[in-house]
Amino acid sequence: MESLFQLGLIKVVFATETLAAGINMPARSTVIAGLSKRTDSGHRLLTASEFLQMAGRAGRRGMDDRGYVVALESPFEGAKEAAHLATIGADPLVSQFTPTYGMVLNLLQTHSIEQAKDLVERSFGQYLANLSLKPQQDEIANVEAKLAQAEAQISDLDLELIESYQKLQERLQEERRILKTLREQAHEVKHESLLLALRFAVTGSIVSLKGPNVPVPQPIAAVLVGKIGGGDRPLQLLCLGSNNMWYAATPADVVHLFGDVPRLAEVDDLTWPPDLVRVLHPIAGMSDTFAIAERIPKLPPPEFPPEVVEWLERVKDVEEALEDHPLHQLGNPTALLKQLRRIERLEEQLNDRNAAMKRNLGRHWQDFLDLIDILLEFCCLETSMQPTELGEAIAALRGDNELWLGLALMSHEFEDLEMHQFAAACAGVTVEVTRPDAWTAFEVSPEVLNALNNVKNLRRRVFQVQRRYDVALPVWFDREFVSLVEQWALGAEWEDLCGNTSLDDGDIVRVLRRTLDVLSQIPHVPHLSDRMKQLARDAAYAVNRFPVKEDT
């Protein structure tokens, strides 16, 4: 068709965008029917490269001064979108470099592991990956500059002095934590005994109060005038404070009960205000209670358990050590420690960013190493990194997943098939039709189904190991549409083949050509039997006819 078009015998060619790639068919004018396309992820505008690739066909070299491109308008795209695509420039180059099993095995056949690493890291894909890390490199440089500046500000200080002060602060924090725990434990023990004592406390007993119902800054001395409740009902303690205020307290408001202090007998005839229990908030005493309030003894200093007293002394000692520390002579210790913590944070940031940079710089090499681990697991490599017989067979193949293809072929499950069945079995591990509504009326022969079923466990293991290493290479498998390959190898007519499936002609050709590509490789794969190689030659000859073979 290229020759006919170049001779002018074909005036117009209707084609998809793929015609613009790799075919010598220049034209004076190109008509682009739509500026958007349907993809697996939905409808989207053409990329600049897609538009320029099609538009670039306009104008015949050496024949036309200029080419003409016509973009058809639609309700969704018009002159604005066309002008944008025509002037934006080509998309940046994106490398499709990805290590494969075949690449790993072929490199290791002729290179050491160190040489292979050097080749992978000098690939264009790694170059572009490194180029994309420029923002990260700039950020690392920025953090390094901040770190150098922060370190310069305390360069004249003795770091050991700062660290000793910091250790004292950490020790003080720990001593205070232990002291708080000891106080809480002592309070729990005291509270249990206090609840029991309050049940038997008599009128005139001296207590100290501070709590939800006694809102005072410090515990206040008070005398117990009466009790209400008890048993199944909440206990209320009606007390007169040394400040001549009445309180309706609960056991939670009692800090201490002074059992060794003589009771005030003067309160025996004292009556609390009637509203005290109802309003539940402090009520001021009258003149008749003032004299009694004055007689309430002052609170003695609080007594603490021996372990609490010991830790109070320890906290005091550390506080004094901090106050006398020589760091105070060099400036504000708090500000100096803040600066030191900032330096630690910057160092942590720098380490994290450098680690991330290192991972990204060696991304392709890490992929390469993951594939090596998988090949070792399937006994395709010796521990010396030299391919085994299985590895040498896989190295001779090329495809989406040479490991899966090589394992299937070397399993010998296809060896006893007939030529047309062998072609179908090879298609079963090479292609996969993913359209859910596709169908074919042809039946696959039982021998092919049996052979494909026998390699299913092998496929499952490849999936599992790849998933463990986060490798996403496809593991194609098809047991339905391989019947098209089998019928074609048997000599079916093209019209008959197309009439028995919902697949488009182009999809059928794609399946047959991918199968033919694998069949053509098999005769050159070492360690396969002569029978399999001959089956592949015969099958390739049977499959390679028009329209699979274009020049027929």
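Arg 353 is partly exposed, with a relative accessible area of 33%; here buried means under 20% relative accessible area, exposed over 50% and partly exposed in between, for a 1.4 Å probe and protein chains only. The model is predicted, so local features need pLDDT of at least 70 and side-chain atom pairs count only at pLDDT 80 or more, while totals for chains, interfaces and linings use all residues. Residues are numbered from 1 along each chain as its sequence is written, and side-chain values use heavy atoms, with hydrogens and water left out.

**Arg 353**

- Arg 353 belongs to helix 12 (residues 333-361); helices (H or I, at least four residues) and strands (E, at least two) are DSSP runs numbered from the N terminus.
- Beyond its neighbours within four places in sequence, Arg 353 contacts Glu 139, Ile 140 and Val 143, contact meaning heavy atoms within 4.5 Å.
- Arg 353 and Ile 140 are 213 residues apart along the chain, yet 6.6 Å separates their C-alpha atoms.

**Helix 10**

- Thr 289, Ile 292 and Ala 293 are the buried residues named in helix 10 (residues 287-295).
- Viewed down the axis, the buried residues of helix 10 fall within an arc of 105 degrees, so they line one face of the helix; the arc is that of the directions from the helix axis to the C-beta atoms.
- Ser 287, Glu 294 and Arg 295 are exposed on the other side of helix 10.
- The cover over the buried residues of helix 10 includes strand 7 (233-241) and strand 8 (245-249).

**Helix 11**

- Helix 11 (residues 306-323) has 18 residues and reaches 26 Å from its first C-alpha to its last, close to the 26 Å expected at 1.5 Å a residue, where the expected span is 1.5 Å times one less than the number of residues.
- Buried in helix 11 are Val 308, Trp 311, Val 315, Val 318 and Leu 322.
- Exposed residues Pro 306 and Glu 323 are carried on the face of helix 11 turned away from its buried side.

**Helices 16 and 22**

- Helix 16 (residues 419-428) packs against helix 22 (residues 530-543) at an angle of about 90 degrees, with the axes 9 Å apart.
- That angle makes helix 16 roughly perpendicular to helix 22, a term for angles of 65 to 115 degrees.
- Met 419, Phe 422 and Ala 423 of helix 16 meet Met 532, Leu 535, Ala 536, Asp 538, Ala 539 and Ala 542 of helix 22.

Note on methods. Axes fitted to C-alpha atoms, helices over the stretch in contact; angles between N-to-C directions. Parallel < 35°, antiparallel > 145°, perpendicular 65-115°, else oblique.
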